[in-house]
Amino acid sequence: MSSSSSSFSLFQSITFPSAPCPSNALLFHNNPSYIPSKTTFKHSFNSKTLLSKPITVPFALTESDSPKSLEPDLQTLLQQVADSFDLPSDYFSQLPDDLRLDLNDAAFDLSNGPVIDECGVEVGEALLNLSRAWELADTSTSYTLASKLPSLVNSLTDACGRRLVAAGRRFQSMGQYGQGELQKIAKAMDAAGRPLSASSISATTEEQPKTEIRMFKFGELQVEVTSDKANIGVAIGFVFGILSWQIAQGIQSVPESSLEYANDNALLLAKSLRGALLAIFYSSTILSVFTTIGLFLLGRQLKSEGK
């Protein structure tokens, strides 16, 4: 009987706890030669149906930690932009000349065009003042103005987002300088500008090669290069080349034998000066020719890109 009890315990442990053990299963285990009849199966089935009750376990799948819920809100992103400008008061003024030019380019991208019409009066004036602070390399004023952006979050438009992204690219192009402060500014402005620009940023990126503004830089001088300005340069180069050629021809038409001076040293000095002037004006003529051709080709290229 003990072996039968232990066998029953083993059998019971491998059955489902929610379903009661039918009597015919116990009989079959104790007597392997026992063959249940159809009536027994029917009785067993009815008993199981009546005794066992379905257990319903309600559950629900809830969506948590979705990407949108993890993203910081726009006001937090704008605050990160403001915090990135928390720099020493002389930081911008101590930048090298090439980085100062890039800073001016960032100011141009931030405030270029009808910024008041696109971003509104309050936001537009804030961006204009911020760009002026960059042009003046005024770090403290830049931080003060950038700190106002979080409070203007409800007034920002997609155009403002595009301007932030464009200015952020300028800061990114400055590379690693100091402790990476410029790259922090670039990342913060890009992160804040992209949610604003949303669907329009992809179209802007695709059209950028066609609408890219070419700038001519010479020291502190910056001039936007357009097809009309290139054509004006062609005319100036052509006239300057003709004048240089005429002056060189006039100097060369004076024979050396006609030069009369008090002594040989003065004569030698006059001949040297004549040769130097000829070299200068002939060189100017050649440079004018190449410059005229280059500007002519550039003007045609800009005109075709504008179409």
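Y91 and F92 are both buried, where buried means under 20% relative accessible area, exposed means over 50%, and partly exposed lies in between (1.4 Å probe, protein chains only). The model is predicted: local features need pLDDT of at least 70, side-chain atom pairs count only at pLDDT 80 or more, and totals for chains, interfaces and linings use all residues. Residues are numbered from 1 along each chain as its sequence is written, and side-chain values use heavy atoms, with hydrogens and water left out.

A search of the whole structure gives 7 aromatic pairs. Rings of Phe, Tyr and Trp (its six-membered ring) pair if their centres lie within 6.5 Å; planes under 30 degrees apart count as stacked, over 60 as edge-to-face, and the rest as tilted. F85 and W134 form a stacked pair, because their ring centres are 5.8 Å apart and their planes stand at 20 degrees. W134 belongs to helix α8 and F85 to the loop between α5 and α6, so this pair ties together parts that are 49 residues apart in sequence. Helices here are DSSP runs (H or I, at least four residues), as are strands (E, at least two), numbered from the N terminus. F85 counts as buried at 1% relative accessibility, and W134 is buried with a relative accessible area of 0%. The rings of Y91 and F92 have centres 5.9 Å apart and planes at 65 degrees, so that pair is edge-to-face. Ring pairs link F85, Y91, F92, W134, F171 and Y177 into a cluster.

What surrounds F171, not counting residues up to four places away in sequence? F171 touches F85, L103, A106, W134, L182, Q183, I185, A186 and M189, a contact being heavy atoms within 4.5 Å.

Several of these names return in the largest nonpolar core, which has 42 residues; F85, F92, W134, F171, L182 and M189 have the most contacts inside it. Such a core is a set of buried Ala, Val, Leu, Ile, Met, Phe, Trp, Tyr and Cys residues joined through side-chain atoms within 4.5 Å. Two or more residues come from each of α5 (74-84), α6 (97-111), α7 (115-119), α8 (121-135), α9 (139-146), α10 (158-173) and α11 (181-197). The most come from α11, with 7 residues.

Helix α10 also holds D158. With a relative accessible area of 36%, D158 is partly exposed. D158 and C119 are 39 residues apart in sequence, and their C-alpha atoms are 8.3 Å apart in space.

Taken as a whole, the protein chain has 14 helices and 2 strands. Of its 307 residues, 28% are buried. Among contacts with a separation of 6 or more, 70% join residues 24 or more positions apart. An unreviewed UniProt entry places a transmembrane region at residues 276-298; such annotations may be inferred rather than shown by experiment, with positions given in the numbering used here and feature names shortened. In the model this span is 100% helix and 0% strand, and its end C-alpha atoms lie 32 Å apart.

The mean pLDDT (the predictor's confidence in each residue, from 0 to 100) is 74, and 66% of the residues reach 70 or more. Over residues 1-70 pLDDT stays under 50, and the model has 20 contacts beyond four places in sequence for them. Residues 199-211 are also below 50, with 8 contacts beyond near neighbours in sequence. Where pLDDT is low, the predicted coordinates should not be read in detail.
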